Amino acid sequence: MSSVKNRALSSRELQAFGDELDALRARHFATLGGSDARYIRKVVAAVRWTGVAGRALLFLGAFVHSVLVPAWIAGVLLLALSKILENMELAHNVIHGQYDWMGDPALQGKTYEWDIVGTSENWRKTHNFRHHTYTNVRGLDDDIGYGLLRIFPEQRWHPFFLTQPFVAVVFALLFEWGIAIQDLRIGRVLAGKMTLKQLWRQARPVGRKISKQMLKDYVLFPALAGPFFLPVLLGNVAANLIRNVWTYVVIFCGHFTADAETFPKECVRNESRGHWYLRQLRGSSNLTGGKWMDVMTGNLSHQIEHHFYPDIPANRYAAMAVEVKDICARYGQHYNTGSMPRQFGQVMWRILRHAFPSKPARREPLPAGAQLDAG
C-alpha cells in the first residue's frame, strides 16, 4: 500500500484548487496556434518517412542477402518507431480532438482512423468517454485491469488471477488486440447477458478493421517482396510486437503504480470540478525522461496533465506540468512521477502481488460529499 499522504482540503480550498487548474487550461487553450499546428504536422511527416524508410530497408534486406540482417534489424526498428509515433503522438492525441481547431480534415478527432486492429470509434467510447470520465472508478472504468488482470486489492479475487503473470506478458505482446475487443464485452456472452448473434453484429466493424490491418501488414507488403515474402512478413510482425509492448508499458505506468488509487462508484455522485481533478490526480502517474520520452510516449509521460486536459494538444503538457506541480504542492497534494524503470517495477509488483488474495487498503475520505479509497 502507498504511504502517500494528501492534505485534506476544505470546501473553499477544493473550489480554489479546481479554479486554478481550470484557469491554466483556459490560458493555454487561448494561445493555440501556428506552433502547435507545425508540431503535429512534423509528427505526421515523421510517421510517414520513418515508415517508408523502415519498409524500404526490409525490402533491401530481402533482395540483397549480404545486408539481410543489419537491414532487417534497422527496418524493423524504423517501422516500429513509425508505428509508435502514429499510435501515441499522432492518433491518440488527434482522436481526443486536440487538433480539431485546425480545421484540417486529416486531423479531426471524430474521423481519424489509426494503424492498429482496433477501431477508432470503439476507442472513442472506451477511452475518450468511459475512461476519461470515470478514471479508475471500479465498475465504470474498464481500463482497470482490462477485464484480465487484478491490479488493485479492491478488485474481487478469483483463482483465474493466479495465471495473471503469464497473462500480463501475452497481453503486452498482443495489446492492440485487447484494445480491439475491449468494447465487445465478450464476458457478457459468457454470463448470458448477450447472445452470440448480438455479439456478431456488434463485432462486424472490428472484423472489417482487423481484416484491413492484416491484409496491409501481413499480405500486401510482404507479397511485394515476391519469393522473399517471409523476411518482410516477420519484419512487420516484429514491428507490431515492439509497438504493442511499448504502448502497454507506457499506459500501465500511467495508471497502475504503487501510488495510484482506485475509487468506488459513489465518489462520482455530485462530483465537483475540484473533486474531479483530485480523482484524476490520484489515479495517475507521470514519467521522467525529458523531451524524447515525451515524444515517444505521445506525451503520456505527463499522464496527470493528460487526464486533466485531454483536449489540449499534448505538446503543451511539459510546460503545463510545471504549473500543475506547483499548484499541487501549494495544496498539499502528491504529484506522482518517476523514471520508467521505477514506475514499471511498481506495476509488475502489483501484477505479481495481487495475483494472490489481498485485502483492500483503508478508505480515506475527501471533503464535501465524495470519497476516494487508496489502492
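Biologist: How much helix and how much strand is there over residues 57–81?
Modeller: This is a predicted model. Over residues 57–81 the chain is 84% helix and 0% strand. The end C-alpha atoms are 14 Å apart.

Biologist: Which stretches does UniProt list as "transmembrane region"?
Modeller: The unreviewed UniProt entry lists residues 57–81, 157–179 and 218–239.

Biologist: And what does the chain look like over residues 157–179?
Modeller: There the chain is 65% helix and 0% strand. The end C-alpha atoms of that stretch are 23 Å apart.

Biologist: Now α3. How far does α3 reach from its first C-alpha to its last?
Modeller: It reaches 37 Å. Helix α3 covers residues 68–95, which is 28 residues. At 1.5 Å a residue you'd expect 40 Å, and the value is close to that.

Biologist: Where is the kink in α3 centred?
Modeller: On E86. The kink is about 35°. Just after α3, G97 takes a positive phi of about 85°.

Biologist: What about positive phi in residues that aren't glycine? Where is N270, for one?
Modeller: N270 sits in the loop between α9 and α10. Its phi is about 55°, and N270 is not a glycine. Most residues other than glycine have a negative phi.

Biologist: Is N270 buried or exposed?
Modeller: Exposed, because its relative accessibility is 78% and the cut-off for exposed is over 50%.

Biologist: And N299, buried or exposed?
Modeller: Buried, because its relative accessible area is 3% and buried means under 20%. N299 is in the loop between α11 and α12. Its phi is positive too, near 65°.

Biologist: Change of topic. At what angle do the axes of α1 and α10 cross?
Modeller: At roughly 75°, and the axes come within 7 Å. So α1 is roughly perpendicular to α10.

Biologist: Which residues of α1 meet α10?
Modeller: L14, F17, G18, L21 and D22. On the α10 side they meet R273, G274, H275, Y277, L278 and L281.

Biologist: Any reason some of those are spaced by three or four?
Modeller: An α-helix has 3.6 residues a turn, so residues three or four places apart point the same way.

Biologist: Last one. What is H28 in contact with, leaving aside its neighbours within four places in sequence?
Modeller: R316, A319, M320 and E323. H28 itself lies in helix α1. H28 is buried, with a relative accessible area of 12%.

Key. Residues are numbered from 1 along each chain as its sequence is written. This is a predicted model: local features need pLDDT of at least 70, side-chain atom pairs count only at pLDDT 80 or more; totals for chains, interfaces and linings use all residues. Side-chain values use heavy atoms; hydrogens and water are left out. Helices (H or I, at least four residues) and strands (E, at least two) are DSSP runs, numbered from the N terminus. The expected span of a helix is 1.5 Å times one less than its number of residues. The bend at a residue is the angle between axes fitted to the seven residues ending there and the seven starting there. UniProt positions are given in the numbering used here, feature names are shortened, and annotations may be inferred rather than shown by experiment. Buried means under 20% relative accessible area, exposed over 50%, partly exposed in between (1.4 Å probe, protein chains only). Contact means heavy atoms within 4.5 Å. Axes are lines fitted to C-alpha atoms, for helices over the stretch in contact, and angles run from 0 to 180 degrees between N-to-C directions. Angles under 35 degrees count as roughly parallel, over 145 as roughly antiparallel, 65 to 115 as roughly perpendicular and the rest as oblique.
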